[in-house]
Structures are given as structure tokens and as C-alpha cells.
Amino acid sequence: MNEPAKTPDSADPHAARANPAQPCPGRPHRRNVLGWMSVGLGALATAAAGAPILGYLLSPILKTPKNEWAELGPVENFPEGETRLVDFIDPLHRPWDGDSQRLAAYVRRDAEGSFTVFSVNCTHLGCPVSWFPQSGLFLCPCHGGVYYEDGGRASGPPPRGLYTIESRVSEGKLAIRAGRLPTLQAPG
Amino acid sequence: MRSIFQSVFEWFDHRLGIRSSIWPIATHPVPKGLGWFYVFGSATLTLFMVQVITGICLAVVYVPSAADAYTSLEYLNNEQPLGWLLRAMHYWSASGMVVMIALHATRVFLMGAYKYPRELTWVLGVVLLLCTLGLAFTGQVLRWDQDAYWGLGVGVAMAGRAPLIGPTLVHILLGGPNIGGETLSRFFGLHVFVLPGLLIATLVPHLYLVVRQGISARPKPGQPVDPATYQAEYDAELKAGEPFFPHDVSRDAIFSALTVLVVFGLAVAFGPKGPGGPPDPTIIQAEPRPDWEFLPLFALLALTPPEMETAIMLVMPVVGIAILVLLPFVSGKGERSPRRRPIAVLIILVFFVSYGVLAYMGDKAPWSPQMDAWSGQPVPIAMVKQLSPQELQGAVVFQNKTCRNCHALDGTGGQRGPDLTLVANRLSNSELIRQVLQGGGNMPAYGKQLGPAEVEALVAFLETLHEADERPVRGVETSGAAFQTVDSVESSAAAPDVPSSKP
């Protein structure tokens, strides 16, 4: 606080000349300092209060979830050559998610026994596709996108095949790395 | 008595300065003969006030938690006294607000009231329009049902296409990696705090400018706006004008009252909207539809070629908003009367006709497969009478292979593909086989989904679908040659669930 007082008034002739109406030559300088201080302190206060607010609002992209694997049950539940709709609890769910913590995925076990897990979300705009075992097709109710049983795009507006979800079998149980809503640029 | 009121008023006036501040505003002169076209703005404001009050009422019962929102909406509908009516009024008033702000903007556009010196009033109005649409969308999310859940999925699927920032944007919008508790809370925060706050913060300067620049006079053909002379002309209009209060305001008051009565009538007659099915993502038999305001967008995304879609989702809104904002700066002078501005009239006509047609299409959604037609709508009996066993088998294939979900027969079934009631009149045997095996248009290729016997039976059935007195189209290829293709596509195929037609 001493700094303004130490500076001799004559050292800043511009201040006095710029405003000749000022009765006292020391005043404008002090006002200048007060003005700059109000701007500087204001910016500092805004940053101090604003940074946590921004961080709080953007936290969904800052935090990395730990456990993402959801168990879908023993592999015997999935007959070879069939595609089944399974429900599971979102491994990343919040305690107050209610019904929305329940998610679904299509599990396809091909004739050789290997698993492919598809997201239910259409790659066009995310509506839930339905599986028709009779015709071996997935149909989307929104804009009529169609996929083959291997998830490949068959017809309609989807820009690609169904999103696949990473899966693994450990101790005879199928698990998937789920809980993220797949979108075109972040399919996994 | 009068003197007590008088002295109470004087006491307040001495402190508030009502006579010197509010009274001149209320009685500010407006041009003569404004008429009934000038009432939509105040009606929008009235409905916004209805929204604020009914919204606060709903907020004291509604629980903005993903676990309880649906239950609390059902409670509001069925248990809470008059809860259904408040929800209905909030919904119908919201719809009315969108209608009124659209009419208001249309009136201002057609009468050239956005021109000098009211450019800023218009720009703030654009922000108000965006706030209103934002409130409509976020309000739909708070109706935490199946449509809300999957509608959110559609919304973020669009946002997720944004170059570079797409996935990050999705994360921030959802408040997490998936749709859930934080998503609803975020949209609740937007719907009840952020957007209404932004709306009010924009409304205040909008109204200030309405008073400061005055209400534009009715446009007269041949009287273009020239910034050099406009103020003098307008001052002359005001001199011959009349005070806004108490005369001119009565039209606004009458129309606003009627609007509220209509909203009330609709609310009583039709009740609240939803909630629909529960927001359980494992119930995938969902056919999400947006509220009417967004049906044209839903239709547009179904009807445009895929390569244009991302542009429509991401570029069209930006361009649309930019056009609205820049409008008064590009055409801020010149003729105001719609009689001298045919292009302006044409724009409005094209916009509303397109909007109406797209909304109608969005409501009917003929591009959506009818997901239960394969099991719920059998081939009409008249079409299977006197068919051979193979043709009958073909009808079974047609039903089992979910063809009916997209193809109608005699008016029943999906409308995504063409109605096949008379398909044999237009396609020959070989064309039918080719279409079934290879697909095309919006049809998937069934080459790998059908065995040779199934294709043979299916095409035999389809060939019976022609007018009684008209022979089916004859192709050049013989059916035998065509079926060699079938065999090569699926050499070892046996039809597992359809026994091949027996002699």
C-alpha cells in the first residue's frame, strides 16, 4: 500500500496534464491506482470463484471412472449361434439413477463360441434397435435403419454398423466394459 | 375513503416516484390504428408468466431425481389435487408460448418492424426465441419417461457429431458417461434456473427498447425506412397517436385473456402430456417421438440423404440463427410493407408450409418400420385364398421374415417400403428375385437371410399379387437361371424354420 505514496507526484506528469481540471495533482494518480486495483482484484476474485465453478460443471470429462466391467452371467446362458438381449446394471451408475441404471445390450455368440456384444443404440441417432431372430435383422424404430446379425449396416440412414462393446470371459462368466453411451466419434 | 387511498398513494408515490416514472411509460403515445396484429408479443409474455407460476407450483411436488421423477409425475397426475391440471396448463401454455412467439416474430418480420431503429430489439427477440425453444426441449426431458430418455439419446447423438468437441460435449451435456441421474439434474437446472434467468435478463432490455424506440406504426406501401428521416416521420405519427394506457393496452389485455382461456380450455379438455412409458433403458420396444415443436426436425433427419445429415444437424441451426441475427443489419432500411416485399411474404409462406408438412410427416412417420406388423398383422385372407402350397408357404415367409414391418399389404403393415399389394404388376419374376436377394433402395439384402426354397416360395407368393384382370409382368430371364444365383449365394442353405414346399 505504500508504493503509491513513495512515488513522487512529479514523476507522472501525464496524469496531471491529462486532466488539468483536477485541483490536486496527486489525486489522478491515486485514482488510477485504485482503478487498476479494482480491475486486478476483481479479475482475481472472478478467477478464484469461477475456476471451481467451471471445474465443477466440467467434472464429467475430468474424472476417470474406476470399475467399468459389468457381468452378464455364465456363458452357458448364451447358446451358440444366437443373439440375445441382456439387461445389466450400469457399472458407472449413480446411487439415484433409478430405472436408468438398468442398461441393455445384445450378446451374439457365433457358431465357434466367440462373443460379440452390440450396443442397443442405433448408430444413426441412438434409438434402441430391436432384434428379429426370424429374419436375422436388427431394426431401428426411429428412422428405419437396418443391420445384419453380425452388426453390419444393411440399409437406411445409419452411417456405420452397430457399436460393439468390449467383452471378456473370466471364470466362465461373460463381462462387458459398459456404461458409456456410444456416439459416432466415441464408439467405444 | 377516497382521501385515505389518496394519501396512501401519495405516501408511496413520494418514495417510489410512480407518477414521474411509471405513469409516463404506461401512457407513452403509440401510433394510431395499430390493430389486432400487435398483440402476440404481450400474449407470449402472459403465457411466460403462466409458465413461471405453474412451473413453480409443479416444482414444489416434482422430484428432479432420476429415481423418483417418473413416480412424482404419476403422483401429480393421479394423487395430487389439481396436479393434473397444473401439469396440463404448463404443457399447453408452453405450446401456446411457442405459437405466440412464432406469430410475434412473423408479424414483426412481415411488417418490417425489425428495421431501423429497432434492430437491437429484434436481436434480443431472437435470443428470446432460442430461450423459448430451449425451455421446450429441456421441459420435455423433465417429463422423465421413455420418450425423454431416448429423446436425450437422439439429442446427444446429434451433439456427438460435432467435429473435435463432439464426445466432450456429450459428456458435459449428460453430466456423465451415460444418461442418468446427473443428466436429469442438469436439465432441471437448465430448465428452472438458467434458461428462465437468461430469458428474463433478455426480456428486460427487449421491453426497455420497445418503450424507448416506440411501437412501430403500421407499414404503408411506398413509405420506406430512411434513417435520415425516420425519426421525424415517427415523431409525427406519435403526435397524431394515442396513449398506450388505457386505450391501446385493452387489445393486448383482451387477447392475452383469451389466450389464457384457450390454454385453460385445452388443459381441461386434453389433460397433461404423459408421462409415457417408464424411463427404463432395458425396455427397448420404444418408439421415441419428440413433442410437436421438434417433429419437423425429426422428419427432416429421416428424409434427407445421409451425407447431408451432419450438415443439417450442426450447420443448419448455426446458419439459421446467423440469418435471424443478421437480418436487420442486412435489410435494415427500405420498404416495410409486406405488399412491397414479396420475397419476405414468400419466405414466410415457404417456412410455414414446410414446417406444417414436415410436422405432419413427423407425426405419421411413414419411414419408421411398424415393429409389430410381422406378428400383429397377418396377410389379408383374400390374398391367400386359392393359393398353391408353395405360394402359401411364401406368404408365411413374408410374414416370418418381418417383411410386413416395412411393406403394407392392402393398406396394413409398415410403410417404409412400397405397398406390395400389386407388386407383380410392376416387377417381373427375376426383378423380384433380384430385389429380395440384393435389396436396394432402403431395403436390406436378404440373400443371406433366406434359403433358396424360401426365396422360391416368397417370390411365388409375390407373383400372385396383381390385379385380377392383369397378368403379372414377365421378365426376360427364366426363373431357373435366376435360382442358380440363389444357390451360389447360399449354397448349403437349408430352410430351418420353413419346410420346403412339398409336391
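**View 1. Leu164(B) sits in the loop of chain B that runs between helix H7 (146–159) and helix H8 (166–174).** The model is predicted, and local features therefore need pLDDT of at least 70 and side-chain atom pairs count only at pLDDT 80 or more, while totals for chains, interfaces and linings use all residues. Residues are numbered from 1 along each chain as its sequence is written, and chains are lettered from A and ligands numbered from 1 in the order in which they are written. Helices (H or I, at least four residues) and strands (E, at least two) are DSSP runs, numbered from the N terminus. The phi angle of Leu164(B), a residue other than glycine, is positive at near 65 degrees. Leu164(B) counts as exposed because it has 8 C-beta neighbours inside 10 Å; with C-beta atoms placed from the backbone, a residue is exposed if 12 or fewer other C-beta atoms lie within 10 Å of its own, buried if 20 or more do, and partly exposed in between.

**View 2. Ala365(B) occupies the loop of chain B between helix H14 (342–364) and helix H15 (373–376).** Phi is positive for Ala365(B) too, with a value near 45 degrees. Ala365(B) has 21 other C-beta atoms within 10 Å and is therefore buried. Most residues other than glycine have a negative phi, and most peptide bonds are trans.

**View 3. Two cis peptide bonds of chain B are shown, from Phe245(B) to Pro246(B) and from Gly274(B) to Pro275(B).** For the bond that joins Phe245(B) and Pro246(B), omega is about 5 degrees, and Pro246(B) belongs to helix H11. For the bond from Gly274(B) to Pro275(B), omega is near 5 degrees, and Pro275(B) is found in the loop between H11 and H12 of chain B. Phe294(B) is likewise in the loop between H11 and helix H12 (295–303) of chain B, and it is partly exposed because 19 other C-beta atoms lie within 10 Å.

**View 4. Helix H5 (residues 83–110) and helix H11 (residues 244–270) of chain B come within 8 Å of each other, axis to axis, and cross at roughly 135 degrees.** Axes are lines fitted to C-alpha atoms, for helices over the stretch in contact, and angles run from 0 to 180 degrees between N-to-C directions. H5(B) and H11(B) are therefore oblique to each other, where angles under 35 degrees count as roughly parallel, over 145 as roughly antiparallel, 65 to 115 as roughly perpendicular and the rest as oblique. Among the residues that meet are Leu85(B), Met89(B), Trp92(B) and Ser93(B) from H5(B), and Val263(B), Phe264(B) and Ala267(B) from H11(B); residues are in contact if their C-beta atoms, placed from the backbone, lie within 7 Å. The residues of this contact comprise nine nonpolar, three polar and no charged (Ala, Val, Leu, Ile, Met, Phe, Trp, Tyr, Cys and Pro count as nonpolar, Asp, Glu, Lys and Arg as charged, and the others, Gly among them, as polar).

**View 5. Val50(B), in helix H3 (residues 40–59) of chain B, touches Met89(B), Ser93(B), Val260(B) and Val263(B), residues up to four places away in sequence not being counted.** Val50(B) is buried because it has 22 C-beta neighbours inside 10 Å. From C-alpha to C-alpha, Val50(B) and Asp68(B) are 26 Å apart in space, although 18 residues apart in sequence.

**View 6. Helix H17 (residues 389–400) and helix H20 (residues 452–462) of chain B pack at about 100 degrees, and their axes are 7 Å apart.** H17(B) is therefore roughly perpendicular to H20(B). The contact includes Gln390(B), Ala395(B) and Phe398(B) of H17(B), which face a group including Glu454(B), Leu458(B) and Leu462(B) of H20(B). By class, the residues of this contact are nine nonpolar, three polar and two charged.

**View 7. The largest nonpolar core has 105 residues, and Ala105(A), Leu125(A), Phe138(A) and Ile176(A) have the most contacts inside it.** H5(B) contributes the largest share of this core, 13 residues. Such a core is a set of buried Ala, Val, Leu, Ile, Met, Phe, Trp, Tyr and Cys residues joined through C-beta atoms within 7 Å. Leu125(A) touches residues of chain A and chain B, including Cys142(A), His143(A), Val154(B) and Leu301(B). A second, separate core of 27 residues includes Ala408(B), Ile433(B), Leu437(B) and Leu462(B).

**View 8. Between the chains, 49 residues of chain A are in contact with 57 residues of chain B.** Elements giving two or more residues to this side of chain A include helix H4 (59–62), strand E2 (82–89) and strand E3 (102–109), and E3(A) gives the most, with three residues. The side of chain A that touches chain B holds 25 nonpolar, 17 polar and seven charged residues.

Technical notes. Two residues are in contact if their C-beta atoms, placed from the backbone, lie within 7 Å.
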